[in-house]
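Subject: Structure handover

Hello,

Here is the structure you asked for, with the sequence. My notes on what was found in it follow below.

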Amino acid sequence: MDFEAERRELVNRLVASGFLKSEKVIQAMLKVPREEFLPEKIKSKAYVDSPLPVSHGQTISAPHMVAMMCEFLELEVGDKVLEVGAGTGYHAAVIAEIVAPKNVENPGHVFTIEIIKELVEFAKRNLEKTLYSDRVTIVWGDGTLGLPEHAPFNKILLTAAAPSIPKPLIQQLAPNGVLLAPVGQPYFYQTLKKLRKTQEGKIEVSELGGVAFVPLRGKYGWKD
Ligand code: SAH
């Protein structure tokens, strides 16, 4: 299996279909080996543009969704980013490649929270073997509460479907910050919402279209 060739081909298709636009997101998607974030038995499907089952009923998002969210987040070198829903760690690694590329003076950092302990361990191993563990910190806990000790964040993303945007996350967003969240029913479908906090602290929300994510759990998520 020539994963690198498959990765290049997928990125070309995502550019052609308009999901990938900016050079920095394109370069990040070309660098991060998605196959290294998958359980052994589904590695061969790493470059199919589809979500894949991981374990504990959870999924890794489709590459076009990762690409789209990275574009909408307006990521910059130096950004401090919070992800809610680490899953495999793949999306966090792609973001780290954009905000904290090797050999820049003021690299950013990615904090990612995962509520399922086994997935925390899985993501940690994946990030270690792909050499992202210095740029991504993974935390076990309820991501709807955010990480007040590391706030404020320039960018926040939820990779699970929320009933509404959790208040603590809005509070922990920095001025000029962007937050992305799928909001709607727990299964099929939600609307991807983009919230911007202005320099003065004003909140602006826009809608980016229909998406399908697994349900968000925790205090501000769906009850089990
Ligand atoms: N970003 C991931 C895919 C995430 S799937 C990747 O790149 O692989 C959504 C994840 O959100 C699941 O692993 C699920 O366990 C987790 N999750 C759900 N509710 C959560 C919460 N309240 N806090 C943290 N993680 C949560």
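Contact here means heavy atoms within 4.5 Å.

Before the rest, a word on the source. This is a predicted model, in which local features need pLDDT of at least 70 and side-chain atom pairs count only at pLDDT 80 or more, while totals for chains, interfaces and linings use all residues. Residues are numbered from 1 along each chain as its sequence is written, and side-chain values use heavy atoms, with hydrogens and water left out.

The cores

Ile95 and Met29 touch the most other members of the largest nonpolar core, which has 49 residues. A nonpolar core is a set of buried Ala, Val, Leu, Ile, Met, Phe, Trp, Tyr and Cys residues joined through side-chain atoms within 4.5 Å. Buried means under 20% relative accessible area, exposed over 50%, and partly exposed in between, with a 1.4 Å probe and protein chains only. Two or more residues of this core come from each of α1 (3-16), α2, α3, α4, α5 (117-129) and β7 (173-184). Helices (H or I, at least four residues) and strands (E, at least two) are DSSP runs, numbered from the N terminus. Helix α4 gives the largest share, eight residues. There is also a second, separate core of 19 residues, with Phe111, Leu158, Ile165 and Leu179 among them.

Helix packing

Helix α4 (residues 90-99) packs against helix α3 (residues 63-72) at about 40 degrees, with the axes 11 Å apart. Axes are lines fitted to C-alpha atoms, for helices over the stretch in contact, and angles run from 0 to 180 degrees between N-to-C directions. The angle makes α3 oblique to α4; under 35 degrees counts as roughly parallel, over 145 as roughly antiparallel, 65 to 115 as roughly perpendicular and the rest as oblique. The crossing of α3 with α4 is right-handed, a term used if the near helix is turned clockwise from the far one by less than a right angle, and left-handed if anticlockwise. On the α3 side the contact is made by Val66, Met69 and Cys70, and on the α4 side by Tyr90, His91, Val94, Ile95 and Ile98. By class, this contact has seven nonpolar residues, one polar and no charged. Nonpolar covers Ala, Val, Leu, Ile, Met, Phe, Trp, Tyr, Cys and Pro; charged covers Asp, Glu, Lys and Arg; polar covers the others, Gly among them.

Helix α2 (residues 23-31) also meets α4: their axes come within 9 Å and cross at roughly 130 degrees. These two helices are therefore oblique to each other. Lys24, Val25, Ala28, Met29 and Lys31 of α2 touch Tyr90, Val94, Glu97 and Ile98 of α4. This contact of α2 with α4 has six nonpolar, no polar and three charged residues.

Loops

Two residues other than glycine have a positive phi: Glu74, near 55 degrees, and Asn103, about 65 degrees. Glu74 is in the loop between α3 and β3 (80-84) and is partly exposed, at 31% relative accessible area. Asn103 is in the loop between α4 and β4 (109-114) and counts as exposed, at 79%.

A cis peptide bond joins Ala151 and Pro152, with omega about 0 degrees. Pro152 is in the loop between β5 (136-140) and β6 (153-158).

Regards
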